[in-house]
Amino acid sequence: MSGQAQILPGTLDLLILKAVSLGPLHGYGVLLRIGQISEQALLIEQGALYPALFRLVRQGLLKASWGTSDNNRRAKFYELTSLGRKRLREEADGWNRLATAMASVLAARPEES
Amino acid sequence: MNLTAYFRSLTAKFLHRSAAEDETEEELRSHIQHRADDLERSGLDRTAAERRAHIEFGGQVRFKEECLEALGGNVLETCVQDIRFSLRVLRKSPGFTFAAILTLALAIGANAVVFGLLNGLILRPLNVPQAESLWAIERGPYKVVNHSYPDYLDFRDRNRSFDGLAAYNVTSVGLDTGNNPTAAWILETTGNYFDVLRIQPYLGRFFHSTDEHGPNSAPYIVLSYGYWQSHFQGDRGVVGRIVGLNKHPFTILGVTPPGFQGNLLFVAPDFWAPIVNQEQIEGDYVLDARGKREILMVLGHLKAGITRAQAISDLNSIGAELEKSYPKDDGHMTFALARPSLAGDWLGGPILGFLAGLMMLAGLILLAACANLGSLFAARAADRTREMALRLALGSSRARILKQLFTEAVLISLAGGAIGLWGSILLLHGLVAWSPLPGVSVLHLPVDPDAKVYAVALMLALVSGILFGIVPVRQVLRTDPYEIVKSGSRTTEGRRVTFREVLLAVQIAICAVLVTSSMVAVRGLLRSIHSDLGFEPRNAMLVETALNMAGYRGESIPTMQKRIIDALKALSGVTSVGSVDRPPLYYGANIAHVFTDTTADLRPSNAAADAATYNISPGYFQAAATGLLLGRTFTWHDDKNALPVAVVNRQFANRIFGSVKGALGGHYKRADGTRIQVVGIVENGKYANLAEDPTLAMFLPVLQTPATPMTFVIRSNRDSQQLIAEIKKTLRNLDAALPFTVQTWSRELDSALFGARVATISLGVLGAMGAMLSITGIFGMAAYSVSKRLKELGIRLALGAQRKEVLQAALGRAFKLLAFGSAAGLILGILASRVLAAIVYQATPRDPLVLAGVVLTMALLGLAATWLPAQRALSLDPSTLLREE
């Protein structure tokens, strides 16, 4: 299982928003998209995705509608609302700042005397 | 998201609950199908792919619930779900549900009734404006509520603490509205009564202090709203009408407002009249006598800003001045303030004590019921470990399971509470309509339930639901789904004492306390009924009347009295007739100071003793069947022209004269200086109440000390119903205008036994409830332990165990708990019974019969409760049993 990472708590929402921002997706599609763009590095428990999706819908960041999937099955598709788009931008900026900071902290070496 | 939208979605989710749920389910299903499609493409066959997809997905139910929770509105939703599920579970075990609801209904009902009494009699303020500043004045170390009129005038005029002081007295009169007079109960009050209480008339006007101009100067009455409705049909023209009050003309001034029933909670007077007309109302004017301290009760509002303590010290300084000015009147002029609604501490003290005791017992009942239900719930939870383990394994959270168990408990407690409250409301309404003492129509209990009672019942229901719901919590938290699902049965029970057993022992102890106290009370009551009263109530009738109600005055009273006695004596079957001013044990007794013959200074502190005083006619002792020990009884020649004489009881003779023989022919003095010769001695009896110590009594001839209220005692050997009809006819023939009541003496005595009887009935009911609770408790425990150990018992039987050993194994613990709990309860009950002795005459727990009774009762209860489980244990067939498992 090397190369795979458990996602950090609180980052699932951001991942979902990012995945959906590339185009409307049903739940399983969100999973596949995250797997695909992270090159299978991020592992999400399948069932745990749905409560997060529902929460985002309730917060008005996503909107959902029923449609038909590529497999010709009925499925619920999620897309970003304008509020969701805004939130994604903010969260992504926040995350990048944090990641840069973390990276530079971790890259620090003892100063030579 | 804004709040309205949230609530809209909340209600929408609540209303279309299943729609949201269906949709979520469909979405999760769709996910699994998509996953299965992918897996199928990678080479699995469809069935395998679907199975794999399901497993990968994880707990579907759990995620569905989390989704719904994330959707909002889920608190309500899960609640509704829990309630539905609980109802289904409870419906599946109707026996358990029924027993649990019944237990709680009884326990909560008992609490609601007792609280209703407490609320109506003690907590609820009197229905007058600013009731919180209204106080009654009590005097002396015994907190006497009665005062004399001159004392009242001094309080009223000299105090600086009260916004006016009024005085009043309860009495009965004959009211003639054109037809024959009927007896009515009234409040005689000072003129300022309504002004002091700040009451405005509903109709007409009230009397005021400006209407008082000396004796008989204010012949006015004010009707109560209820009496105006029932006797004058709400006729607005009554104002100004003249009616006959004891045959004297009185003018109706007005009507009080509907909610106002005087300042005494339990007496709703028919009307009010000024006390300056006392001579016309009571036949006697004693307002000028400072020493007549049993006349009036005094009440008033404290001025704004004056505290109770300030008012008391103000009154005490007036008292000190009075003691200095009137040294001959030994009045104990120190004061206290009490609520006027129960005549101060006179009734308020015992009622509060009794109700507080009852409340405590009712609380114990509820606690016992909770312990009982708690152990039942724990047993059920143990039986349902498998179900719970399955639910845990399927992804349900422990919190959710606990919530559901609590929902069950609260549902049961609410149902029980509702039924209990309903029953208690019926009972309280019955008590409101009930007239507790025969012959006193105005007595009532204003205990109609209000919002407070409902709130308390609801709160008790919720608290008890949580109390017994909490018992199985630890069990659920400890449940290990894997172990249980694997092994199929619970882990074997250890030998140590479980929490459930402690609960049961506590409950049995509580029940034993209740059974003990109710037995002590019942036994005390039986003893009081059969104790030596000094008269024989059986085969005797009482006719109560007051000749002044029909206009008799002065010399015409004894003449009429003699006519009545002769006429009653002439009835067939009547053996003797006599009269007494107030029969013994009729709401206390008239007590007077007695002085030895040698005492010259007759101030109260020099009195040799106090004696119950009776004014009787010749023939009274025969009619009452009071035994004469020595000397003679009275004749009609013991009149004003003869020497003052008395018959005394044995206690009197022993105390004042040293012996019965020494008393005959001896002399003593009364407070007014009359020197009286003792001509006869009778046996001791009970006078003021059944619980009293031997009391002194003196009987005076009615012709020497006239009295207006009069009770005729008629002894006969005839059927009482027939005799009552004949007595009524005879009296009507003598004077159709004379109001009177007739009843058997035994019935009349109910009033004397009232307190003891109420105490016994309430304790009896609580004791019976306690007994029932312990039966269900022991039964539950025994039945449970037998069913849990069926396998073990079967093996024992198969290995050749004797019946005795099987019983020992199955029920030994139940019996041990019973014995332990009963012993603890018995000891506690004996300690508690000391309190009872105050209410119930001769209530002593050190009575072998009571002790034996309690032990026997508890043993019988245990036997009854374990009978069925024991039968089940004994009828086991080891072969079928072992095969089944």
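B:V645 stands opposite B:Q677 in β19(B). This pair belongs to a predicted model, in which local features need pLDDT of at least 70, side-chain atom pairs count only at pLDDT 80 or more, and totals for chains, interfaces and linings use all residues. Residues are numbered from 1 along each chain as its sequence is written, while chains are lettered from A and ligands numbered from 1 in the order in which they are written.

Strand β17 (residues 645-649) of chain B runs parallel to β19(B), with 5 bridges joining them. Strands here are DSSP runs of E of at least two residues, helices are runs of H or I of at least four, and both are numbered from the N terminus; two strands pair if DSSP finds at least two bridges between them. Strand β16 (residues 628-631) of chain B is antiparallel to β19(B) and is joined to it by 3 bridges; there, B:L630 has B:I681 as its bridge partner.

The hairpin of β18(B) and β19(B) has 4 residues between the strands, and in it B:G673 takes a positive phi near 95 degrees.

Strand β19 covers residues 675-682 of chain B; 6 of its 8 residues are buried, so it is largely enclosed by the rest of the structure. A residue is buried if 20 or more other C-beta atoms, placed from the backbone, lie within 10 Å of its own.

## Packing of α6 and α14 in chain B

Helix α6 (residues 94-123) and helix α14 (residues 398-433), both of chain B, pack at an angle of about 45 degrees with axes 7 Å apart. Axes are lines fitted to C-alpha atoms over the stretch in contact, and angles run from 0 to 180 degrees between N-to-C directions.

Contact requires C-beta atoms, placed from the backbone, within 7 Å. The residues of this contact divide into 14 nonpolar, 9 polar and no charged. Ala, Val, Leu, Ile, Met, Phe, Trp, Tyr, Cys and Pro count as nonpolar, Asp, Glu, Lys and Arg as charged, and the others, Gly among them, as polar.

## Contact between chains A and B

In chain A, 18 residues are in contact with 20 residues of chain B. The largest share of the chain A side, 5 residues, comes from α3(A). By class, that side has 5 nonpolar, 7 polar and 6 charged residues.

Definitions and conventions
Contact = placed C-beta atoms within 7 Å. Buried ≥ 20, exposed ≤ 12 C-beta atoms within 10 Å, placed from the backbone.
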